[in-house]
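Open the model in your viewer and keep the selection tool at hand. The stops below say what to select next and what is there.

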Amino acid sequence: MTSSASSSASSPSTSSPSAPSPAAVTANGAPRPGGAGRLHGRDVSRVGFGAMQLPRLDPDRAAAVALLRRAVELGVDHIDTAQFYGDGFSNEIIREALRPEDDVLVVSKVGATPDSGGPLPLRLAQRPEELRAGVEDNLKSLGVDQVPLVNLRRAEVGPGLRAEGDQIVDIDDQLAVMTALRDEGKIGAIGLSNVGLDELRRGLPAGIACVQNAYSLVARGDEEMLRLCRDEGIAWVPYFPLGSAFPGMPKVTDEPAVVSAAEKLGASPAQVGLAWLLHHAPNVLLIPGTADADHLAANVAAGALALDAATLAELDAVPTRAGDIEIEGHE
């Protein structure tokens, strides 16, 4: 597993002119699903993997390890995780499954912590000392000296848990400790999650590598923020990329235009929804999660799905309908 942001993936090629450029393949020679994107100064495949569902395989650790190994074989070299995914289970599997030669960029997040005895499986941990403790927990469970990129998961906008009481912390105070952790070498870069446009603008001077917000074909309220990220060279890493089954949130796969496009292309509606995101903006990186090998392969294959101008126009015409919806228990 890569414990720093450095990578040879973007170094000049010394091979013959007919060989693929380094950006077109991962360290193990696999074609990059979705092509190459940029994250924290290095090339990554635009279709990565989100580890939130790995704990579903908790009874079978070998299956969880095999799933991650398969992801690497399919060209995934960007994995998104958190210590509070399965109370460290996802991080432990990543540590066991990944090898240094895989050159996988592992991204984690802080701002919440497991709460196995509480009414929900996690609780917010927004105070500066809690953010620092979260980074230390990630370092330990991942078995690295530095987490290459850590997202600060805020709690002022939805969906998800909302900050109350001493969990209402100014973003400047949070960025101060994140910057200190970066200066100490414990993290390589800072990302933001669940943020509003003003918070992102306030965070820009600290140097932001990526933004993770809920965003999909049917939930495009952050379009201005996406444009700002594109202009600033910040990766846009949407969660809920296909909407959500939570009450009140529409699902991309239910849209007639999406279903029609899938039938025309011989693909699944989910693949069309993921492909639209990749076509929509060049700085989009996907981290769809799953605990199933077939579903993993389908997600990766979405990176090769071509959408012509007419299909894109039909999909772009789908209205955005998701508002700022409270979803208890979301990461």
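Begin with Val 211 and display what surrounds this residue. Leaving aside residues up to four places away in sequence, Val 211 touches Leu 192, Val 195, Leu 200, Met 225, Cys 229, Ile 234, Ala 235, Trp 236 and Val 237, where contact means heavy atoms within 4.5 Å. This is a predicted model, in which local features need pLDDT of at least 70 and side-chain atom pairs count only at pLDDT 80 or more, while totals for chains, interfaces and linings use all residues. Residues are numbered from 1 along each chain as its sequence is written, and side-chain values use heavy atoms, with hydrogens and water left out.

Val 211 belongs to strand 10 (residues 208-212). Helices (H or I, at least four residues) and strands (E, at least two) are DSSP runs, numbered from the N terminus. Is Val 211 buried or exposed? Val 211 counts as buried because its relative accessibility is 0%; buried means under 20% relative accessible area, exposed over 50%, and partly exposed in between (1.4 Å probe, protein chains only). Asn 194 is 17 residues from Val 211 in sequence, and their C-alpha atoms are 8.1 Å apart.

Seven of them make an open sheet with parallel pairing, in the order 3-4-5-8-9-10-11; two strands pair if DSSP finds at least two bridges between them. The edges are held by strand 3 (49-50) and strand 11 (235-236), each with a single partner strand, so one side of each has no neighbour in the sheet.

Select strand 9 (residues 190-193). Strand 9 pairs with strand 10 in the parallel sense over four bridges. Ile 190 has Ile 208 in strand 10 as its bridge partner, and Leu 192 stands opposite Val 211 in strand 10. Turn to strand 8: four bridges join strand 8 to strand 9, and the two run parallel. Here Val 150 stands opposite Ile 190 in strand 9.

Which residues of strand 9 point one way, and which the other? Ile 190 and Leu 192 point one way, Gly 191 and Ser 193 the other way, and all are buried. In a regular strand the side chains alternate between the two faces of the sheet.

**Helix 4**

Now select helix 4. This helix has 13 residues and reaches 18 Å from its first C-alpha to its last, close to the 18 Å expected at 1.5 Å a residue; the expected span is 1.5 Å times one less than the number of residues.

Colour Ile 171, Gln 174, Leu 175, Val 177, Met 178 and Leu 181, which are buried in helix 4. They lie on the same side of helix 4 because they cover an arc of only 160 degrees around the axis, the arc being that of the directions from the helix axis to the C-beta atoms. An α-helix has 3.6 residues a turn, so residues three or four places apart point the same way. The buried residues of helix 4 pack against strand 5, helix 3 (128-142), strand 8, strand 9 and helix 5 (197-203).

Look at both ends of the helix. At its start, a side-chain oxygen of Asp 170 comes to within 2.8 Å of the backbone nitrogen of Asp 172. Just after helix 4, Gly 185 has a positive phi of about 85 degrees.

**Lys 109**

Go to strand 5 (residues 105-110), where Lys 109 is found. Lys 109 counts as buried because its relative accessibility is 1%. What does the side chain of Lys 109 make a polar contact with? The partner is the side chain of Asp 80, at 2.9 Å. A polar contact is a pair of N or O atoms within 3.5 Å; within protein, one must be able to donate a hydrogen and the other to accept it, and residues adjacent in sequence count only if both atoms are side-chain atoms. A polar atom of the Lys 109 side chain also lies 3.4 Å from the backbone oxygen of Thr 81.

**Two loop residues**

Select His 40, in the loop between strand 1 (36-39) and strand 2 (42-45). His 40 has a positive phi of about 55 degrees although it is not a glycine, and at 24% relative accessibility His 40 counts as partly exposed.

Last, select Asp 87, in the loop between strand 4 (78-80) and helix 2 (89-97). The phi of Asp 87 is positive, near 50 degrees, in a residue other than glycine. Asp 87 is partly exposed, with a relative accessible area of 48%.
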